[in-house]
Amino acid sequence: MISKLAQRLLVFFIGVPVVIALVCLRQQHHLALHLALMAASVCAALELHAIFSHSFRLQHKAFIALLALVVPLSAFLCAFFSLPLAYIDYTFIGAVLLSLAAEVITAQSFEHSNARLMASTFIILYSGYLPTFISKMTVREHSVALIAVFLLMVFMCDSIAWLFGNLFGKSNRGIIKASPNKSVAGFIGGFVGAAASGLAGRAVWANVFTGSPAKVVALGLLIAFCAITGDLVESVFKRSANCKDSGSIVPGRGGVLDSVDSIFFAAPVYYLTSTLFFF
């Protein structure tokens, strides 16, 4: 227990500053952040493939990981060459169509084709397309502030939820079947952490997060809901496949997917809502 706690704290106090540093490196249109997103996309695709392979016969994992990769790659190219962001959507659609075409060409029997195609489409969507909403933020004015506050909301939601859950949640756990160890106290802590992060971001970048403080609080509460839901959705994937973790690459947390599930799930909501509120 102590070892896992130490690992988790180490990841937080080293990993979070490293990620924020990547956000602050604006050289070459946020090249460092785009590379990190592409690496996370490939790892998440491989881990999702491994999880789903417990239940389905899937298309080749390298092929699906490649299709997932080209979507965030297209996002970087759009940022670097100032291309329309709609090209990201076209790339995603093209990747899905390629997976459909591959099934037609390569399948020798078709009793598992529907499951293969649905799994491939979902992996490309989840691990390839969802993170591109972070990529889209890199072309915005004040991109560093926008992305840093988003990541801080998700990180603090997760961390304060974990802290509150351990301190106050022992008697109010088990309300969500997908993750019985999650507690009401933990959920409350997550909302508090994300909302406080929004207010902190507004204090630092008042010229970006303009208007009433209620807007960043509302944004933080919405992102907390999405981050918590994203974590629970991944729990459903693992429980359905009878897997404890998506991998073992991140000390104290499991796989890459265990660390980015909340970020990927919340990214489209943050991008769209922050556009509505502040741009």
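**Reading the model**

Tutor: The accessible surface of the protein is about 13,200 Å², and carbon and sulfur atoms account for 71% of that area; such areas come from the Shrake-Rupley method with a 1.4 Å probe, and for residues only the protein chains shown count as cover. This is a predicted model: local features need pLDDT of at least 70, side-chain atom pairs count only at pLDDT 80 or more, and totals for chains, interfaces and linings use all residues. Residues are numbered from 1 along each chain as its sequence is written, and side-chain values use heavy atoms, with hydrogens and water left out.

Student: How many helices and strands does the protein have?

Tutor: Helices (H or I, at least four residues) and strands (E, at least two) are DSSP runs, numbered from the N terminus. Here there are 10 helices and 0 strands.

Student: What percentage of the residues count as buried?

Tutor: Buried means under 20% relative accessible area, exposed over 50%, and partly exposed in between (1.4 Å probe, protein chains only). Of the 279 residues of this protein, 47% are buried.

Student: Which phi does histidine 29 have?

Tutor: Histidine 29 has a positive phi of about 60 degrees, although it is not a glycine. Histidine 29 lies in helix α2 (residues 27-52) and is partly exposed, at a relative accessible area of 37%.

Student: Where is histidine 142 placed?

Tutor: Histidine 142 sits in the loop between α6 (132-137) and α7 (143-168). Its phi is positive, about 60 degrees, although histidine 142 is not a glycine. With 29% relative accessibility, histidine 142 counts as partly exposed.
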